[in-house]
2 protein chains.
Amino acid sequence: VRNAGEHALLARIRARVGRPPDFVRLALGDDAAIVEPARNTADVLTTDAIVEGVHFDRALMSPRDIGHRALAVNLSDLAAMGASPRVALVSLGLPDSLTIDEFDGLFDGLCDLAAAHATAIVGGNLTRSPGPLFVDVTVVGSVRPRRALLRRGGRAGDALFVSGTIGGAAAGLAWLRREETALTAPAAPGTTAAEQERASAVTRYRTPAPRVRLGTLVGRSRAASACMDLSDGLGDAVAQLAAASGLGARVEASALPVHPAVDLLDLAPEHRLTLALSSDDYELLFAVPRRATRALRAAAGQARVDVTRIGELTRPGPVVLVSAESECPWPAGFAHFSP
Amino acid sequence: VRNAGEHALLARIRARVGRPPDFVRLALGDDAAIVEPARNTADVLTTDAIVEGVHFDRALMSPRDIGHRALAVNLSDLAAMGASPRVALVSLGLPDSLTIDEFDGLFDGLCDLAAAHATAIVGGNLTRSPGPLFVDVTVVGSVRPRRALLRRGGRAGDALFVSGTIGGAAAGLAWLRREETALTAPAAPGTTAAEQERASAVTRYRTPAPRVRLGTLVGRSRAASACMDLSDGLGDAVAQLAAASGLGARVEASALPVHPAVDLLDLAPEHRLTLALSSDDYELLFAVPRRATRALRAAAGQARVDVTRIGELTRPGPVVLVSAESECPWPAGFAHFSP
């Protein structure tokens with residue numbers, strides 16, 4: 001993109017973004033975008049950046065995957081609030097080595113996922129990066145204030161439920177790193193069950209599916225007392241949700257819905273668990289009062305996502321992991337800035 | 001910040017940000033922020049990143065300056081729409097070399113400018129950067145839809161006015177690059193007029209003052225038919241505003257309010273003009289119908305900012321620069337991606 005010029009790149013973005021919905025009064029090309037607020041709702045705002053060398057490796061993900069992922073991580077944050085996305089802004093730091101085809105692929109991935117979630121790309125920024133490619137996305141959505149899902153609000157005795165599976169994204173990355181043919185034959189499902197599980201895990205890593213519909217349905221049904229997403233893994237999410245609610249938690253190791261591809265990695269048991277608990281799966285963790293269990297399962301059924309009861313919130317105290325042999329302290333989640 | 005941990009950094013941000021205003025229902029620490037929309041207005045959204053090695057050099061700007069600038073460039077975009085800022089999100093890419101003191105300084109600069117413009121920092125993201133420091137800010141504000149200032153809307157015969165001076169930021173940067181004592185004795189005003197002018201230019205480069213009050217006052221008074229900010233220089237702004245309005249423009253070289261520090265650089269006349277026209281001064285360019293000239297001057301007086309008539313929009317055609325000797329084609333503005 002080095003010699004393309006900002007206006008030429010903006011034209012390529014416009015061609016992909018298409019016509020905005022009516023509530024967007026002005027998009028792309030002025031100093032800022034103008035958007036009509038949704039009625040009787042509050043705005044919900046989140047921003048999240050993915051950086052080459054930290055969150056992705058261009059040898060293991062296609063430009064389209066990178067664009068998808070950059071938006072998905074933000075949509076997941078909105079899902080965790082029970083909010084519906086409306087508009088997105090995309091800020092890119094472009095290294096000189098990025099080609100026009102890669103630039104187009106990145107926006108194809110972004111725009112396809114945006115279209116799937118009725119999210120209008122209304123603005124953004126392009127700049128050169130003398131270092132890594134970075135994609136910083138801001139998403140603004142809406143929620144009826146009393147339907148918002150917060151991290152705080154869980155009560156002792158509330159069950160903990162997680163959507164989908166955990167560990168798949170980390171297992172997918174591990175498989176990509178092991179296989180040299182990573183990008184040439186990426187997610188082609190093989191014929192054996194193991195090959196299909198590996199392909200599923202790679203897909204979960206490359207193109208995570210944010211649980212937007214599940215989040216909004218659970219918010220509307222008021223089935224959850226607290227919620228957050230698994231952007232830093234289930235280990236981090238349980239610890240954060242319990243801390244925000246001022247409580248402890250117990251999680252049953254045997255109840256964790258670990259993605260089958262994790263077991264194909266042949267890890268030692270403690271490494272298997274660490275991988276599953278630190279995997280950035282973009283699933284949702286809910287605290288659910290006993291009386292609301294049926295409402296949660298109904299919302300999950302409507303969203304066509306499995307939910308699994310993995311434990312419960314307890315009175316103020318530590319977070320513990322319970323297995324057949326022992327109770328042990330909760331393994332710390334992936335921490336961005338630890339050495 | 002390498003060993004600080006995300007939660008410790010978040011605590012340092014919280015201590016600086018302070019208590020949010022009542023319209024902010026939830027800020028900092030959940031998956032997303034929740035903000036009540038302003039009544040009878042539309043949301044105005046913009047995002048802009050500044051990147052080390054592209055937009056700033058850590059040898060020439062303090063962390064506080066960098067934080068100030070990252071927010072200022074976004075506030076300037078809102079000013080150019082006639083919108084009032086309400087909330088900001090801050091996404092940071094932090095190299096390992098950044099110290100905790102520098103991190104704190106960056107947020108001090110951000111928070112001081114945010115407080116000066118009643119802008120609440122409600123969310124953001126922290127990530128490691130394996131390359132340059134980058135600071136990506138999103139600002140959301142509000143405007144009554146019919147008061148919004150767009151780039152398009154100018155009519156042939158409308159006068160072009162620019163606020164403040166041009167060239168100061170570029171002259172300030174040039175002075176910083178010439179002086180080795182740049183950061184040690186930065187903007188201390190000297191005793192001579194020349195020293196004071198240089199110090200003024202350095203301040204304009206390091207801590208640009210976004211024209212938020214001028215923009216909102218002009219929007220409310222409906223004095224301008226079109227507006228944009230000078231983020232890429234006046235050269236770019238005149239060309240863009242004329243193009244968005246489908247018109248040509250004439251600018252009088254002798255009318256340009258060039259910052260006095262530009263002339264202290266002793267440049268050849270053509271270089272002097274190029275520098276002044278490509279300087280990122282974050283002033284505002286307005287197209288003003290004849291009947292609205294008085295309203296514009298009244299708004300400028302109320303905002304305590306000078307405005308200068310530099311030319312006019314003309315029927316569809318080229319943009320030309322008129323000097324005593326000749327008419328010549330408009331010099332191209334600074335282009336991000338040109339080689």
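## Surroundings of Arg14(A)

In this predicted model, Arg14(A) touches Leu28(A) and Gly29(A), leaving aside residues up to four places away in sequence. One approach to Leu28(A) is polar: a polar atom of the Arg14(A) side chain lies 3.3 Å from the backbone oxygen of Leu28(A).

Arg14(A) belongs to helix H1 of chain A, which covers residues 6-17. Its relative accessible area is 41%, so Arg14(A) is partly exposed, a class that lies between the limits of 20% and 50%. Arg14(A) and Ile121(A) are 107 residues apart in sequence, yet their C-alpha atoms are 9.4 Å apart in space.

In chain A, the axes of helix H4 (residues 168-178) and helix H5 (residues 193-206) come within 7 Å and cross at roughly 105°. This angle falls in the range of 65 to 115 degrees, and therefore H4(A) is roughly perpendicular to H5(A).

The residues of H4(A) that take part in the contact include Gly168(A), Leu173(A) and Trp175(A). Those of H5(A) include Arg198(A), Val202(A) and Tyr205(A). By class, the contact holds eight nonpolar, two polar and three charged residues.

## Buried residues of helix H9 in chain B

Helix H9 of chain B spans residues 269-278, and within it Leu273(B), Leu275(B), Ala276(B) and Leu277(B) are buried. Among the elements of chain B that cover these buried residues are helix H4 (168-178), helix H7 (234-244), helix H8 (260-263) and strand S12 (319-322).

## Residues with positive phi

Most residues other than glycine have a negative phi. Arg304(A), although not a glycine, has a positive phi of about 55°. Arg304(A) is found in the loop between helix H10 (293-303) and strand S11 (307-314) of chain A. Its relative accessibility is 79%, which means that Arg304(A) counts as exposed, the limit being over 50%.

Leu28(B) is likewise a residue other than glycine with a positive phi, here near 55°. Leu28(B) lies in the loop between strand S1 (24-26) and strand S2 (33-35) of chain B. With a relative accessible area of 15%, Leu28(B) is under the 20% limit and is therefore buried.

## Relation of the two chains

Two copies of a chain are related by a rotation about an axis and a shift along it. Here, a rotation of 180° with 0.0 Å of shift along the axis superposes chain B on chain A, with an RMSD of 0.0 Å. That is the relation of a two-fold axis. The same surface serves both copies, as 100% of the contact residues of chain B recur in chain A. Of the residues of chain B, Gly131(B) comes closest to the rotation axis, its C-alpha lying at 2.4 Å.

Methods
Residues are numbered from 1 along each chain as its sequence is written. Chains are lettered from A and ligands numbered from 1 in the order in which they are written. This is a predicted model: local features need pLDDT of at least 70, side-chain atom pairs count only at pLDDT 80 or more; totals for chains, interfaces and linings use all residues. Side-chain values use heavy atoms; hydrogens and water are left out. Helices (H or I, at least four residues) and strands (E, at least two) are DSSP runs, numbered from the N terminus. Buried means under 20% relative accessible area, exposed over 50%, partly exposed in between (1.4 Å probe, protein chains only). Contact means heavy atoms within 4.5 Å. A polar contact is a pair of N or O atoms within 3.5 Å; within protein, one must be able to donate a hydrogen and the other to accept it, and residues adjacent in sequence count only if both atoms are side-chain atoms. Copies are superposed by least squares on the C-alpha atoms of residues with pLDDT of at least 70 in both. Axes are lines fitted to C-alpha atoms, for helices over the stretch in contact, and angles run from 0 to 180 degrees between N-to-C directions. Angles under 35 degrees count as roughly parallel, over 145 as roughly antiparallel, 65 to 115 as roughly perpendicular and the rest as oblique. Ala, Val, Leu, Ile, Met, Phe, Trp, Tyr, Cys and Pro count as nonpolar, Asp, Glu, Lys and Arg as charged, and the others, Gly among them, as polar.
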